[in-house]
Amino acid sequence: MGKSGRLHTTGHVTRNKEKAMAGYSSHKQDVLKRLRRIEGQVRGLQRMVEEDTYCIDVLTQVSATTRALQSFALQMLDEHMDTCVRTAVAEGGEEGDMKLKEARDAIARLVRS
């Protein structure tokens with residue numbers, strides 16, 4: 001519906017902004033703390049390159065950063081399934097179907113990355 005603020009699209013899924021709530025809302029500060037640690041790892045990579053660190057050492061840090069991001073993504077997916085998807089499916093109807101498709105699409109993106 002555009003600028004009305006009621007509906008928006010993300011990829012192929014349309015959802016109601018008013019009903020959307022983050023599954024991590026109850027521990028948002030912990031999530032942000034984890035993201036800041038990952039951000040620090042990326043900054044560390046930049047510093048390593050600036051300092052001409054040995055390639056294998058940089059690659060080792062890239063691997064650690066990648067694992068941290070993958071772990072974060074899996075945690076977010078798990079929370080989404082336990083909160084948003086579970087609630088929508090329990091309520092039934094089109095919203096439940098949309099949340100399941102949204103979760104399937106997110107899993108497919110994670111598997112491809």
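Begin by selecting Cys55, which counts as exposed at 55% relative accessibility; here buried means under 20% relative accessible area, exposed over 50%, and partly exposed in between, with a 1.4 Å probe and protein chains only. The model is a predicted one, in which local features need pLDDT of at least 70 and side-chain atom pairs count only at pLDDT 80 or more, while totals for chains, interfaces and linings use all residues. Residues are numbered from 1 along each chain as its sequence is written, and side-chain values use heavy atoms, with hydrogens and water left out.

Next, select Cys84, which is buried at 16% relative accessibility. A disulfide is counted where a pair of cysteine sulfur atoms lies within 2.5 Å. By this rule, the structure has 0 disulfides.

The tour now turns to charged side chains. Side chains of opposite charge can pair when their charged atoms come close. How many salt bridges does the structure hold? There are 4, a salt bridge being a side-chain nitrogen of Lys or Arg within 4 Å of a carboxyl oxygen of Asp or Glu.

Select Arg86 and Asp82 together. These two residues form a salt bridge, and their closest N and O atoms are 3.2 Å apart. Both belong to helix H2 (residues 55-91), where 4 residues, about one turn of the helix, separate them; helices (H or I, at least four residues) are DSSP runs, numbered from the N terminus. Arg86 is exposed, with a relative accessible area of 53%, whereas Asp82 is partly exposed at 40%.

Move on to helix H3 (residues 93-112) and select Glu102 and Lys99, which lie 3 residues apart in this helix, about one turn. Their side chains meet in a salt bridge of 3.7 Å, N to O. Are these two partners buried or exposed? Glu102 is buried, with a relative accessible area of 12%, and Lys99 is buried as well, at 10%.

Lys101 forms a salt bridge with Asp105, and the closest N and O atoms are 2.8 Å apart. Lys101 counts as partly exposed, at 32% relative accessibility. Asp105 is also partly exposed, with a relative accessible area of 22%.

Notes:
Helix = DSSP H or I, 4+ residues; strand = E, 2+ residues; numbered from the N terminus.
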